[in-house]
Amino acid sequence: MIVVGYGTQKKRNVTAAISSVPMAEMRDMPISNVATGMQGKIPGVVVQQTGGAPGATPAIKVRGFGSITAGTNPLIVVDGNIVDASIFSNLNSTDIQSIDVLKDASSTAIYGSKGSNGVLIVTTKRGKSGKTKFNADVYTGFQELSKKIDILNSQQFAEFSKEASNNAYLDNVPGASISDPNSARPSSFLRYRYPRGDLFSWFNFDDPQKVATMPTYDYQDMIFRKGMINNYQVTASGGNDNAQYLVTGGYLKQDGIIERSTLDRYSVRANVDINVSERFKLGANINPVYKIQNDVNSDGHWANNGIINAALSSVPMAPIWNDDHSAYSSQAALAGPYGWAGVTNPVANITENPNELITTNLLTNVYASYNWKDFTYRATGNFNVGSTRRSSYKTSRLPLNQLLPPTQAVGADSSDMTTSWLFNQTVNYSKTAGSHNFDVLVGMEAYKLQYQKSTAVGTAYANDVVPTLNAAGLPSSVYSFKTANTSTSYFGRATYNYKEKYIANVSLRADGSSIFGTRNRWGVFPAGSVGWVVTEEPFMKNVPVISNAKLRVSYGLAGNNQFSGDYPYLATLAADNYSFNNSLVNGLGAASLGNPQLGWEKSKQFDAGADIGLFHERIVIGIDYYKRNTDGLLLAVNVPTLTGFSTAIKNIGAMENKGWEFSVASRNLTGAFTWNTNAALSFNRNTVTALGPTGDPIRSNSGVNETNITIIGKPIGNIYGYKQIGIFQNQADLDKYPHDATSRPGDVKFEDVNKDGKITADDRTIIGNSQPDFIYGLTNTFRYRNFDLMVAIQGQQGGQILNLSRRFFENVEGSQNQLTTVLNRWQSEDKPGNGIVPRANQRTTGNNNAISSRWVEDASYLRIQNVSIGYQLPEKLLQHIRIQQARIYLSAQNLYTFTNYLNYNPEVSNYEGALTSGIDYGRYPLARTFVVGVNIGF
């Protein structure tokens, strides 16, 4: 049976594009987020591990990006509750019965305005009649960094930095000589100077002996560790004809691979079903989860105390401690006389910036159903409450950008609470009349979500003894807000099949939502599909090779209501100041224009597919082609400034996703030795087809100027910058090609895109896109007697990443550490390097460090996702100790990644919005995990 919206269907009768996650392939995976285990298992579903922090939720997309400015995440339904993707960090894979993915409009339209990005339906396990059974799942192991980055040691850096200072000095000071002492070099630009023993005697780049004895601190070794991971899960289930139950309790302890990052998760789940009578049934699911996370500031700019970029950018001899080890130091201790960057201390960024997040979540579901003849009435109530409390504190011992301790301590506390309830009731009519089979569902649904958040920040602490806000001398900011949205829906679905040979399905949903304007509050979403089981035809009886063949076609509409706010159609107000009686007073001012006609983003999707079974289902093949056109996308368009605003939000954008999906499941060998294979392959092509009345491109930034651009006729969120075509080798080369006014031999040669004979901002162009050519996954499972072995690989081909962190550690300026790629830099016409890395220069010329294709890398990779080997203990042995079954296993997760990407993770993205995807700005790396586990049933 396959779970569909508000019901189930026999897999044979499904006419929509629905895939199920093979849960057996996840049982040995040591993962703290269930969504990670889905990666590579389902065609058409991208599960992207953008970061490796404990419990981190991967990015999930079904059949590409579904919006430009609204959400692109699929709808997630867990036992009837509508939740967000973070729920996967609360679940244990052993609790899950099935995960079904609804991909086409025929299957998602029943969810109306919430279904355009696909739907993931998670069903947890339930109790069965019989004697009480107990099951224990335990594993323990460790995690480690899967890859280190090659950066310069102190000796390499000294040579490189000295060269960079001398090049800058010779370029800009007439009559300069590299033998000129620091005292002769202008103080107006300190980077003309370099260490010559004038600050510390050991810190002398001119003395080969002292350079040779300079310490090289491996900051990667200092911030990363081997972290333990332990998981304990105990389940009891059983019941009789009148009641069945399943109760499970779990504890997960994960120490991240960055020091002091941890996750402790406590969870309980209770599922109960009661047969009150032959016709009347009641049930309930309760799932409380409590988590404690110690987060670290791993991502982002080192100036904001980002750990990763600080560890890779600190010069290799920069001290961690001051001379007597009484306080932290940093690169700032060496930077002053030479104008170097004040890269923060990567170790202090961990130890002096504690950040605790406590999460409490309660997910509940109750239902009642009544059967009468061919009718089934079902009412379901769902309630979800979640709260978080984050407390962080930057101590006065934390070095800041160009500042050594003591620095200003800053404390911050925030708390939020989300509550949602959902009630639906359905009536299902199911009837078989001879060869005709009918199934009709009608229902209604009401939903409400409320969210509130409060944040306070304090400074002026007397000391670091008490980090709570009551010890702060000044409240630097206090902020709170509250928001809510509601919706009401009516829906229906009718399915007909004749002899399970000819199948038709139609559905309709009407949604009314508080999110949309008063003139466009309701949306209607119809869909239909047909299927033909070809192997039921007489002419196929003589084709024994084909044991099953079904053709299916679907078309329908679905919507997207994942807007950035709950009141996008309203003219909003914001705090503002104004003059009254010659005094400045607080008040409110208009913050945005209203649009009462604002409505749904709608997707129209066509799907054609085939499900084929060969050799008595020894080989099962699935093929799908789809085309999804989304219009009414929310965009900010220009409006007359006499309104007081420059832009307003309207439904005016459009784009297309189309592609192919393939899946193969095969039983290659049967008997004493079995070998099964599951494979998935997906192609998706995204194209933006409309961008407002004038079609102007959307330029987006990700912390550093413009890094992405969205253009009609191209995929969304292209990487944007200059295209490097080489290095200027000599003056003659420079003279014959357009260049920046400051360019010198050894600087980057950019393409003159518009052919105007100049290199300007107008020559920026598309230099990459994060969307892959295709994604794939392959799992092989082998069994011989009591032994089993599973090997799973997954990956992607194509797509690019803008490795924006290289603006720090490959800027060839010489005031921060660099990748070893700079050893292949241009040094002279006789030493041209690799033709990609420009010359070392403390005062960059030629616009060398503009966003360009030099920092764009191939995102292709192949990962050995999981290897596990298990042994089932013989039953005869277990009978003596009253154990029904026991299995021990070894498992390795993220064992190895084959990639040319220079940084830690080719799946990375610091900015997950559709407009700015594919940017690496220092991100928590993925871990390689090894565990040993045991599963015992008694």
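Me: Where in the chain is S330 placed, between which two helices?
Reply: Happy to start there! This model is predicted, and in it S330 touches P319, V343, T344, N345, P399 and L404, leaving aside residues up to four places away in sequence. As for its own place, S330 sits in the loop between α5 and α6.

Me: Is S330 buried or exposed?
Reply: Buried means under 20% relative accessible area. S330 has 2% relative accessibility, so S330 counts as buried.

Me: Which residues does M317 touch, not counting residues up to four places away in sequence?
Reply: Once residues up to four places away in sequence are left out, M317 touches S154, F157, W202, F203, F205, M214, P215, Y217, Y219 and L334.

Me: Which strand holds V427, a residue of the nonpolar surface patch?
Reply: The patch is made by Y370, W372, F375, Y377, V427, V440 and V442, and covers about 590 Å². Strands β15 (355-372), β16 (375-394) and β18 (436-459) each supply at least two of its residues. V427 has 33% relative accessibility, so V427 counts as partly exposed. The strand that holds V427 spans residues 410-433 and is β17.

Me: How many residues apart are R27 and D788, which meet in a salt bridge?
Reply: Their side chains meet at 3.9 Å, N to O. R27 is partly exposed, with a relative accessible area of 38%, while D788 is buried at 10%. R27 lies in the loop between β3 (18-20) and β4 (45-48), and D788 lies in strand β36 (residues 787-797), so look for distant parts of the chain: the pair is 761 residues apart.

Me: What is the N to O distance in the salt bridge of D28 and R887?
Reply: This pair also links distant parts of the chain: D28 is in the loop between β3 and β4, and R887 is in strand β40 (residues 885-899), 859 residues apart. D28 counts as buried at 5% relative accessibility, and R887 counts as buried at 4%. The side chains meet, N to O, at 2.7 Å.

Me: How far apart in sequence are the parts tied together by D295 and R390?
Reply: D295 and R390 form a salt bridge whose closest N and O atoms are 3.0 Å apart. D295 is partly exposed at 23% relative accessibility, and R390 is partly exposed at 27%. D295 lies in the loop between β14 (280-294) and α5, and R390 lies in strand β16, so the parts they tie together are separated in sequence by 95 residues.

Me: How many salt bridges does the structure hold?
Reply: Some of them share partners, and these join R63, K103, K550, R552, D607, D611, D624 and E661 into one network. The count for the structure is 50.

Me: What radius of gyration does the protein chain have?
Reply: The C-alpha atoms fill a box of roughly 100 × 80 × 65 Å along the principal axes. With 938 residues, a compact globule would have a radius of gyration near 30 Å. The chain agrees with that, at 31 Å.

Me: What share of the residues of the protein chain count as buried?
Reply: The chain comes to 10 helices and 42 strands. Among contacts between residues at least 6 apart in sequence, 69% join residues at least 24 apart. Of the 938 residues, the share that count as buried is 52%.

Methods
Residues are numbered from 1 along each chain as its sequence is written. This is a predicted model: local features need pLDDT of at least 70, side-chain atom pairs count only at pLDDT 80 or more; totals for chains, interfaces and linings use all residues. Side-chain values use heavy atoms; hydrogens and water are left out. Patches are made of residues with over 30% relative accessible area and no salt bridge: like charges are joined within 9 Å, nonpolar side chains (Val, Leu, Ile, Met, Phe, Trp, Tyr) within 5 Å. Accessible areas come from the Shrake-Rupley method with a 1.4 Å probe; for residues, only the protein chains shown count as cover. A salt bridge is a side-chain nitrogen of Lys or Arg within 4 Å of a carboxyl oxygen of Asp or Glu. Helices (H or I, at least four residues) and strands (E, at least two) are DSSP runs, numbered from the N terminus. Buried means under 20% relative accessible area, exposed over 50%, partly exposed in between (1.4 Å probe, protein chains only). Contact means heavy atoms within 4.5 Å. The radius of gyration is taken over C-alpha atoms; the globule rule is 2.2 Å times the number of residues to the power 0.38.
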